[in-house]
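Please consult the sequence and structure shown here alongside the text.

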Amino acid sequence: MHEIIRARKLFSAYYNVVPTLPIDMIKLCKCLKFAVRSIELEGIEGCHLRPKSDRHIVILLNDKQHRHRKRFTLAHEIGHILLGHDPAIFDGESIIEARQAWQETEANRFASELLLPVPELKKHGMLTVYEMSEMFDVSYDVAEIKAQQLGWVGEKLDKFYTEKMLAQLEAMGL
């Protein structure tokens, strides 16, 4: 799970300089000297290229995606880069990606941890999926998967909601 450790280190390094949530993915890319371009892409959500003429990495995002999808894709591509996965190839007409399934899994775990770092989540205590989604600017689905990974669903979450509601009712004098 080296991808989790790398994501946490990157989050910590960035958050120590820019201590705001959610993490600003464009600023992070600027710090890493990665260019980001949002363009029309056919059949893919994003990719990264390393042009031969320039040593700077370019991350391409599908401009038709929702901003949450773009944030996750950006984090996912940063994962590919920092984990040493090969970039996509532009053959002059189309973009070719030839990654292994395990590389996609690693990049997904990296992205999830970068956008929703467990140590930061735990600082805020148990959060609802909606609260996680809002606080970290991720999709409900991404927040729900992270909540499941943390065990913040089912009976534990039901107990949390009940206690939270009872505390609010008590504060209201009901």
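How many bridges join strand β2 to β3, and do the strands run parallel or antiparallel? Strand β2 (residues 46–49) and β3 are joined by 4 bridges and run antiparallel. The model is predicted, with local features requiring pLDDT of at least 70 and side-chain atom pairs pLDDT 80 or more, while totals for chains, interfaces and linings use all residues. Residues are numbered from 1 along each chain as its sequence is written, and side-chain values use heavy atoms, leaving out hydrogens and water.

**Strand β3 and its partners**

Helices (H or I, at least four residues) and strands (E, at least two) are DSSP runs numbered from the N terminus; two strands pair if DSSP finds at least two bridges between them. Strand β1 (residues 35–39) pairs with β3 in the parallel sense, over 5 bridges. The table gives one opposing position for each partner strand.

| Residue | Opposite residue in β3 |
|---|---|
| A35 | V58 |
| C47 | L60 |

Burial is defined by relative accessible area: buried is under 20%, exposed over 50%, and partly exposed in between (1.4 Å probe, protein chains only). In strand β3 (residues 58–62), 5 of the 5 residues are buried, so the strand is largely enclosed by the rest of the structure. V58, L60 and N62 point one way from β3, whereas I59 and L61 point the other way.

**Helix α3**

Helix α3 covers residues 67–82, and its 16 residues should span 22 Å at 1.5 Å a residue; the expected span is 1.5 Å times one less than the number of residues. The end C-alpha atoms are 22 Å apart, in agreement with that expectation. Since 12 of the 16 residues of α3 are buried, the helix is largely enclosed by the rest of the structure. The buried residues include R71, F72, A75 and H76. After α3 comes G84, with a positive phi near 80°.

H80 lies in helix α3 and is buried, with a relative accessible area of 0%. Its side chain makes a polar contact of 3.0 Å with that of H76; such a contact is a pair of N or O atoms within 3.5 Å, and within protein one must be able to donate a hydrogen and the other to accept it, with residues adjacent in sequence counting only if both atoms are side-chain atoms. Leaving aside neighbours within four places in sequence, H80 is in contact (heavy atoms within 4.5 Å) with H48, H85, R99, Q103, E104 and A107.

A111 is placed in helix α4 (residues 101–115) and is buried at 0% relative accessibility. Not counting residues up to four places away in sequence, A111 touches F72, A75 and H76. The C-alpha atoms of A111 and R71 are separated by 8.9 Å, although these residues are 40 residues apart along the chain.
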